[in-house]
Structures are given as C-alpha cells and as structure tokens.
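Reader: Before we discuss the assignments, please show me the sequence and the structure. I shall then ask on what grounds each term is applied.

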Amino acid sequence: MEKLIEILENLHEGIDYETCDTLIDDGILDSLDIVTLITDINDAFDVAIPPEEILPENFNSAKALWELIERLDNI
Amino acid sequence: MNFASFGFLAFLAILTLVYFLVPKKVQWIVLLVGSVVFYAFAGFVGFFFLLFAIVISFVTVQILGKRQAALKKYLEDTKETLTKDERKAYRAKHKNGSLLVVCIGILLLTASLVYVKYLSGFINSSLSFGSGAISFGSLAIEVMGISYYTFISIGYMIDVYREKAAVERNFFRHALFVSFFPQLAMGPISRYADTGEQLKATHSFDAKESWCGLLRILWGFFKKLVVADAIAPTIGYIVSEKLGGIYFILLCLFYSIRIYGDFTGGIDIVLGSAQILGIKLPENFNRPFSSKSTAEYWNRWHMTMGNWFTNYIFYPLSLTKSMQKLSKWGRAKLGVGIGKRLPVYTATIITWLATGLWHGFAWNFVVWGLLNGVVILISQELNPLYEKFRARFPKLWHSAPYQSFMAVRTFLLMSLIRVFDCYCDVPLTFDRFFSTFYTFNIGEIFNGGLLELNVSLTQYIVIAVGIVVMMIVSRLSIKKPLRETLWEKPVLGNAIMALLCIAILVFGSYGLGFDASAFIYGGTFN
C-alpha cells in the first residue's frame, strides 16, 4: 500500500491519498493519469490491469485501487 | 424525419399517446414500432444498414454469452481437478477465442460504417456532426445515424465481452436498444448500462417528467431555431466570400455559438423526447464553455462520444502489450520520463485521429482531431508549470478574473480548432487564419460591415438576446436543471413555456420576423 501511495504522489502532489475517495469523481485523475498509473503499477507489482477494470469504483481511492491489485494478483 | 419540424412533434405526440394507453407490458413494442417508423422516413437503404448492425451485434453477443456460460460451467466442474495455473491458462485461452468473436463483430460493423462514410462522406462530410445531423441532406438521409448506432452496437459487444453488460436474448428487445429513435440522429451514444434495462421496464405517465421533457424540447427548438439557424447565414457568407482578418475571428466565434445552439439544442430535443416517455438517456453536455482547459472541455462536450473513445479505444490501445513494449524501449533508450509518456501520448494521438475520422473522411477532420490531441498533450506537459504558478499565487489562481480568463482562453482555443469544420479545406483555413496577422480591418465591422453578412441588425439583436438567455439558463442550471426548479413554480414555469413557444414562433428561422430566403442552411454549409 505504501508503494502505491508513493506512485500516486509522484503523479499528483498535495493530495491526501489515505482519505481521498473521489479521485475520479472530482476529476483528480484523468485518462492520461490512469494509463500512467497502470503502467507504474504493472512495473511495481507485476499486475496487469485490463481495460475492463478501469471503472470509477476501482480508481476512486488508493484503498479501492489496492483491493483491485490484490484481486487481480489472486486470479 | 427532421427533429426541428412539426412533423416530428406530431409523431412524438401520437407515439406518446399510444405508449401510455397500451398495456404496459407492450410499451417496448410501441417504442420499437415507433423507431422503425421514424427510421422508415429516412429510406430503405439506410434501414438495411441499421438491420445489419442489429443482426451482427445480436449474433455476436449471443455467441459471447454462450461461450461465457460454457467457461463458467467448465471452471465449476473442474474446481477440484485443475490447478490454479491450469485454470488461469484455460481462462486465457478461452478469452482469446471470445476476443476473436468480438473482433469479427467489430470488423463487420466498422466495415459497413467505413463503406457508407466513404460513399457519402466526401460529399457530406459533416454527416454525423451537429448541424449535419439535425437537418439531413439528400445523401445523408440514406445513412442516417450510422455513426451512432454502429458505436452503440460496438460498445455493447465489447461490454458483453468484458462481462460488464447482460446478454439480451430477445432479438426485438435488442433491436430496440440499438435503434431507439431519439438517439438515432445525433446521439447520445448510450451504453447498455444506461438504457438497456430502462427500455425493457414499464413506465407510467409522470406529469413532472412529461412537463420537464416538453420544456426541454422547446428549449432545444429555441437554441436551434432562434440562435443557431439565425447565425448560420453569417457563417456561410464569411466562408463563401473567404473573408479574412477580423471576419475570420468573427467566424470562429459565430461558429462556436452556432454549433453550441445546434448540437446542444438537438440533444435537448432528443433527451426531452425520451424523458416524456420515461426514458433517461445519458447527458451529452455539461456547460462545456465553462471549461478551464481543453481536457476539461472534452469531459463536458459530446461526453458520450468522448467516453466511448476513451473506454473502447484509448484505454485498450494504451494498455496493449505493444504499447507496454514501446514504453520499455523508450525508458531504456530515451529515459524514464519519455518512456513513461510514450504509450499514453501515442494512444492519445491515435485516438484523436480516430475521433477526427469518425466525424468524416476528410482532411479537415484529420487535422481537427490531431490538433485536439496535440493541444491536450501540450497542456499535459505544461501542467507542472501551472501547478507551480498555482502554488506560488494561490489567491490569484482562485480569483474570479483568473478563472474567467482560463475559461475564455479555452473557449477561444476550441473555437479556433473547430473552424476547420467550416471551410472543409485545410490550406484555406490556415490561409484565412494567418490573414488575421496582416489584414487589419477591425474598423469595417463598426462601419456597417457586420450588416453586410446576410444578417440584419434586428436579427443580431435577437441572436444576442438568445445568447444571453442561454448563458443565464446555463448559470442557473449548475446545481439542478432549471426546468426542474420551474416545475416547482407552476405559474412561472408555464409562463416561461408560453414565452418560449412565442419566441420560437416569432423569431425562429421560419418565423414571421425572418426572411426565409436569407437562410442558406444546408447549402454552403451543412
């Protein structure tokens, strides 16, 4: 989780990723950020996030994103 | 059938009456028959293409559904006997088979779209774009809405492949989802999650929904007939006379106003019509001219198209193995920063190129698409600079003048890019653009030049009042649509509805206050 927060902070500074749960709804992450994020996650965790998992509920918070990574890793 | 006509209103009135009078369980059949009748007005050739899209998407999703059920059963049956890796490998192999099925479906529908657009695209290159879609030319009529129902069908096939949408087993219900008449002409490009279940559900007459729907239709007519069509002669004149200097700037502004009134007005008619029937179609616009950046603009303008391209082209493309390889290659050869950007930037440019081509097979659309992509990427690169500026001057950044400056800047930039639609000639557009640097004729417009553009002073005043009204309504609709606020104040609401009717009848492009011969809509510019 810490590593994920670090990746997110590299993308946009000044956001409290521990508590923020509107990363998509509030337009903090746009489509370009999402692809960069997925590439970084792939590198860091060796998990490929497929396009069908790019849903607001999976990207709205660091917690949701972490759950997605764990889920995909366990398939 | 032209939306902005009494014929359409009569059609909608009869359909609504029948829809709420028949037993609820057959309401969807009324909608299907209505959609067929609506489409029949566009001719039989077009009908064939629509049927083709319905059949291909239906067959594809049936096969995908059966394959998914078979996979589920196999994995269930072999739960105890196969290892995790074996199950994973089987699932991947099975998914490749399904991918092939969905690719064949996409290929067939894309081929039919390309075929039609190549045939009529060069002649009527703005076929599927705002103005072109609301009033159809003789060639466009044969392929009405092909861009929209093709994209709706492709989106549905992909959603079923991704297991994000249910498989519709009933052919006729599927046909209704693809061909629901309000969205056939100019969108929105709905997804199964938006309308699939709604079209199957039963609907009771709801006074509020019907009143709000009717008000929205009238508001759409106002935007289209009082503002957009009224400003059209000016645009046609500036383009046909190849006027430069200040007139080019006027063209950019006027065309933005026209396309806004035309397209958002058309969508208001579409969404209002569906609302009367109890169907909520997805919104296509969200105060686009208040955007502070190009990227934000594209999240507010033609939203369903933007979402379609993002979900079905941009994401899959940027996440392909080839793109990931490109990224790795970039990191090794060109540095981490560039390597990380490569897939995103390549996919952005390709997506915008595709968006341009979707609007029409012509160079002006290619350049339009590429320019949008390039501007978005430049903004992306400038972001760290903006962030620094924001951190250094937070008060200034959040002040109303600076926020307005950003909105005006975005509006002007988008107006400039959009003007490629007008000339349909790339070198000429650039030539006229550069003329603003050496033709200083600003004085002309104050010396009567403005009145020589096929629009009289009275008409300018009507248009200006129309623009102010549109701005006020947009401002008052930030929290919730103004029509919903008005519903709670019936006297004021009904008075405004009556005023809108009078304004449309008196000042509309066919109204008493206008000389119909002055309008060249569908001529030089369509």
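**Grounds for the assignments**

Author: In chain A, helix α1 (residues 2-11) packs against helix α2 (residues 31-45) at an angle of about 145°, their axes being 10 Å apart. Axes are lines fitted to C-alpha atoms, for helices over the stretch in contact, and angles run from 0 to 180 degrees between N-to-C directions. The model is a predicted one, in which local features need pLDDT of at least 70 and side-chain atom pairs count only at pLDDT 80 or more, while totals for chains, interfaces and linings use all residues. Residues are numbered from 1 along each chain as its sequence is written, and chains are lettered from A and ligands numbered from 1 in the order in which they are written.

Reader: Which residues of α1(A) and α2(A) meet, and what classes do they belong to?

Author: A:Lys3, A:Ile7 and A:Leu11 of α1(A) meet A:Asp33, A:Thr36, A:Leu37, A:Asp40, A:Ile41 and A:Ala44 of α2(A). Residues are in contact if their C-beta atoms, placed from the backbone, lie within 7 Å. By class, this contact has five nonpolar, one polar and three charged residues. Ala, Val, Leu, Ile, Met, Phe, Trp, Tyr, Cys and Pro count as nonpolar, Asp, Glu, Lys and Arg as charged, and the others, Gly among them, as polar.

Reader: What makes chain A as compact as a globular protein of its length?

Author: Chain A has four helices and zero strands. Helices (H or I, at least four residues) and strands (E, at least two) are DSSP runs, numbered from the N terminus. The radius of gyration of chain A is 11 Å, close to the 11 Å from the globule rule for 75 residues, so chain A is as compact as a globular protein of that length. The radius is taken over C-alpha atoms, and the rule is 2.2 Å times the number of residues to the power 0.38.

Reader: How do you know that chain B is as compact as a globular protein of its length?

Author: Chain B has 23 helices and zero strands. Its radius of gyration is 25 Å, close to the 24 Å that the globule rule gives for 526 residues, so the conclusion holds for chain B. The C-alpha atoms of chain B fill a box of roughly 85 × 70 × 50 Å along the principal axes.

Reader: Why does A:Asp46 count as exposed, and why does B:Glu163 count as partly exposed?

Author: A residue is buried if 20 or more other C-beta atoms, placed from the backbone, lie within 10 Å of its own, exposed if 12 or fewer, and partly exposed in between. A:Asp46 has 8 C-beta neighbours inside 10 Å and therefore counts as exposed. B:Glu163 has 13 and therefore counts as partly exposed. Buried residues make up 28% of chain A and 44% of chain B.

Reader: What is the phi of A:Asp46 and of B:Glu163, and where do these residues lie?

Author: Most residues other than glycine have a negative phi, and most peptide bonds are trans. A:Asp46, not a glycine, has a positive phi of about 55° and lies in the loop between α2 and α3 (56-59) of chain A. B:Glu163, not a glycine, has a positive phi of about 60° and is found in the loop between α6 (146-161) and α7 of chain B. A cis peptide bond, with omega about 5°, joins B:Gly187 and B:Pro188.

Reader: How many residues of each chain form the contact between chains A and B?

Author: 18 residues of chain B are in contact with 12 residues of chain A. On the side of chain B that touches chain A, α12 (303-318), α13 (321-334) and α14 (336-359) each supply at least two residues.

How values were computed. Two residues are in contact if their C-beta atoms, placed from the backbone, lie within 7 Å.
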